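I am opening my notebook on this structure, and I will write down each thing I looked up and what I found.

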Amino acid sequence: MAIADDDIERIRSTVSIVDLVGQHVQLKRTGRNWVGLCPFHAERTPSFNVREETGRYRCFGCDKSGDIFTFVQEVEHTDFVGSVEHLANRAGIQLTETMPGQNQHRARRKRLIEAMNEAVEWYHERLLTAPDARAARDYLRGRGLAGDIARQFKLGWAPDDWDALSRESGIDAKLLHDNGLAFRNRRDKLQDAFRGRVLFPIFTENGDPVALGGRILPGSTDPAKYKNSSETPIYTKSKTLYGLNWAKGDIVNANQVIVCEGYTDVIGFHQAGLPRAVATCGTAFTEEHVRLLKRYASKVVLAFDADAAGQGAAERFYEWEEKYQVEVSVATFPGGKDPGEMAQHDPEGLAAAVEGATPFLGFRLGRVVDGQAPQSPEATARLAEAAMAVVNEHPNVNIRKLYAGEVAAQVGMPVNDLVAMAERGVRRPQISAVRPKQRQDRRENAEFVAIALLVQNWDAIATWLVESLFADDVYRRAFLAVAESGGDLGVALEAADPEARDVLERAAVVDIDADPASEARNLISAAVRRELAERATSADPERIRDDAEARVRMEELSDGALGLDAAGWLLGWLEGRMEARTGGG
């Protein structure tokens with residue numbers, strides 16, 4: 001986003017730096033300056049100086065200095081554009097359009113956020129006062145989430161009614177639809193997206209409400225236990241973390257963030273005195289999340305089932321550690337308890353689990369060697385090989401060598417032999433003890449998600465999928481079985497080979513919360529990248545032109561207006577490439 005120079009000067013001349021800083025620091029007039037304790041480091045003697053005439057601040061203790069924009073960036077942990085928007089809102093200044101459509105986009109976003117805020121308040125009031133919310137209040141009370149906690153986190157109740165929000169809230173129908181709060185049913189009537197659920201509002205790190213997460217009450221016949229808002233113009237799941245708006249201050253102070261799996265886990269950590277917890281919004285933990293959290297802390301503690309992370313996920317974590325200079329560790333909880341439960345009954349144990357979090361590689365290694373007592377030389381060798389296969393997933397040779405020493409001590413193998421394996425980065429073939437991890441990797445694959453959506457919601461994704469999108473041969477065969485059956489799962493299962501049938505059986509029962517269009521676009525984009533990489537050395541002018549067009553179309557995939565046409569073109573392009581290969585072209 002471009003910011004007009006005139007807007008920056010208007011904000012600078014309008015906003016008093018003393019008033020701004022004074023909201024965060026107790027200032028006292030000393031000569032021409034205002035002085036207080038620095039908000040950026042601990043001190044007993046005030047050394048933080050603010051000068052109104054120059055619009056600048058400086059701390060003579062830690063050397064932090066800047067103007068109103070840098071101050072907002074520091075205290076709100078935002079970028080320059082975010083600081084400008086924050087100060088413009090504070091001063092009531094309308095930012096000038098510097099790019100075509102920019103003002104319209106900003107105005108639309110503001111309307112969507114305002115509508116979402118109205119919905120959050122409407123649902124919250126229903127939870128607190130409506131007679132039909134009694135069961136929800138009782139459920140939350142039993143989980144320790146009533147009263148002040150419900151108010152702090154703006155918990156809500158969606159009545160078990162087809163269109164209560166649409167009918168009673170007074171929110172514009174288009175804003176309800178565009179926010180994913182309602183949809184048009186087959187009779188073209190507006191119908192609420194959330195019904196009969198306790199709601200957890202999801203906010204941006206700056207506190208703007210953008211989405212909802214819902215949970216059914218015990219005893220409900222709805223097969224979908226959890227439901228999250230679909231992605232909208234103001235909500236992208238991979239870039240949003242539940243609770244970050246409440247947690248960011250403590251995250252900065254502790255230089256540590258706790259990443260959970262569920263919204264109640266986040267609230268539980270707050271109740272246990274660890275208010276630096278966040279949760280993903282029905283998605284895996286992604287690089288976008290890491291990039292966002294790096295602005296606040298360098299230590300990431302995973303407080304969810306890290307056993308599910310196979311080799312592929314582990315390699316991503318190691319890559320992120322290197323790329324963003326973060327440390328990823330894993331907290332384990334006794335007896336398989338979840339953080340929300342421990343917050344109620346054992347808050348000290350919850351804090352101890354976070355304090356004792358294990359580095360991610362150490363955690364994965366422990367799952368292989370802990371509790372093992374090989375009774376023969378052959379068993380010792382197999383255990384060492386399995387352990388070194390995990391160690392050698394890590395890209396840093398020095399870290400591999402250190403862990404090789406630990407493995408040698410635990411299994412009773414010569415340390416020099418294992419260090420040599422670590423230096424070479426050799427991975428022996430996975431043995432039976434770790435093969436289930438490979439299956440778990442496949443379960444997490446984006447291709448599996450697409451197949452699950454195809455099995456469970458044929459109409460929503462079938463038109464987006466073609467054979468060439470599937471790089472994994474088993475998934476490709478599973479897709480063909482479903483596609484050739486026209487979406488009839490029974491027919492597909494009968495026609496599928498054993499491996500493909502196993503995929504389809506899992507796809508039929510897995511709980512998938514994903515947007516079909518987004519998943520399809522991601523799959524198309526991945527397939528196009530694979531094809532372009534394979535053809536990178538082509539000298540055929542026509543192919544070079546086609547590849548250039550494919551790159552342009554791939555950029556258009558995420559464009560609301562152009563995305564559908566781009567997807568259609570790319571699917572045809574991929575199928576053409578496949579036909580050319582199979583036909584010898």
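I began with Glu 423 and Lys 401, whose side chains meet in a salt bridge with an N to O distance of 3.7 Å; the term stands for a side-chain nitrogen of Lys or Arg within 4 Å of a carboxyl oxygen of Asp or Glu. The pair links distant parts of the chain, since Glu 423 belongs to helix 19 (residues 415–424) and Lys 401 to helix 18 (residues 397–411), 22 residues apart. I noted that helices (H or I, at least four residues) and strands (E, at least two) are DSSP runs, numbered from the N terminus. Glu 423 is partly exposed with a relative accessible area of 46%, and Lys 401 is also partly exposed, at 30%. The cut-offs I used are under 20% relative accessible area for buried, over 50% for exposed, and partly exposed in between, with a 1.4 Å probe and protein chains only.

Before going on I wrote down that this is a predicted model, in which local features need pLDDT of at least 70 and side-chain atom pairs count only at pLDDT 80 or more, while totals for chains, interfaces and linings use all residues. Residues are numbered from 1 along each chain as its sequence is written, and side-chain values use heavy atoms, with hydrogens and water left out.

**Other salt bridges**

How many salt bridges does a search of the whole structure find? The search gives 29. I reminded myself that side chains of opposite charge can pair when their charged atoms come close.

I looked next at Asp 178 and Lys 174, which form a salt bridge with their closest N and O atoms 3.1 Å apart. Both lie in helix 9 (residues 173–178), four residues apart, which is about one turn of the helix.

Glu 288 and Arg 291 form a salt bridge in which the closest N and O atoms are 2.9 Å apart. They are three residues apart in helix 12, so about one helical turn separates them. An α-helix has 3.6 residues a turn, so residues three or four places apart point the same way. Glu 288 counts as partly exposed at 30% relative accessibility, and Arg 291 counts as partly exposed at 36%.

I also found a network of salt bridges that links Arg 126, Asp 132, Asp 161, Asp 163, Arg 167 and Glu 168.

**The second largest pocket**

I then turned to the second largest pocket, which has a volume of about 1,800 Å³. Its lining is made up of 43 residues, and Glu 85, Arg 109, Ile 113, Asn 206 and Asp 208 lie nearest its centre. Among the elements that give two or more residues to this lining are helix 3 (68–76), helix 4 (80–91) and helix 12 (287–294). Which helix gives the largest share of the lining? Helix 5 does, with nine residues. By type, the lining residues divide into 14 nonpolar, 15 polar and 14 charged; Ala, Val, Leu, Ile, Met, Phe, Trp, Tyr, Cys and Pro count as nonpolar, Asp, Glu, Lys and Arg as charged, and the others, Gly among them, as polar.

For the terms, I noted that a pocket is, on a 1 Å grid over the protein atoms alone, an open set of points where a 1.4 Å probe fits, with protein on both sides within 12 Å along at least five of seven lines, and that lining residues have an atom within 4 Å of a point. Grid points are joined across faces, edges and corners, and the volume is the space filled by probe spheres set on the points.

**A sheet and a buried helix**

I traced an open sheet of four strands in the order 6-9-10-11, with antiparallel pairing; two strands pair if DSSP finds at least two bridges between them. Strand 6 (156–158) and strand 11 (226–228) stand at the edges with a single partner strand each, so one side of each has no neighbour in the sheet. Strand 9 (residues 197–203) and strand 10 (residues 209–216) run antiparallel and are joined by seven bridges, and Phe 203 has Pro 209 in strand 10 as its bridge partner.

Helix 11 (residues 263–271) is largely enclosed by the rest of the structure, because eight of its nine residues are buried. The buried residues include Tyr 263, Asp 265 and His 270. Gly 273, which follows helix 11, has a positive phi near 85°.

Asp 63, in the loop between strand 4 (56–59) and strand 5 (65–66), has a positive phi near 70°. Asn 255, in the loop between helix 10 and strand 13 (256–260), has a positive phi near 55°, and Asn 255 is partly exposed at 30% relative accessible area.
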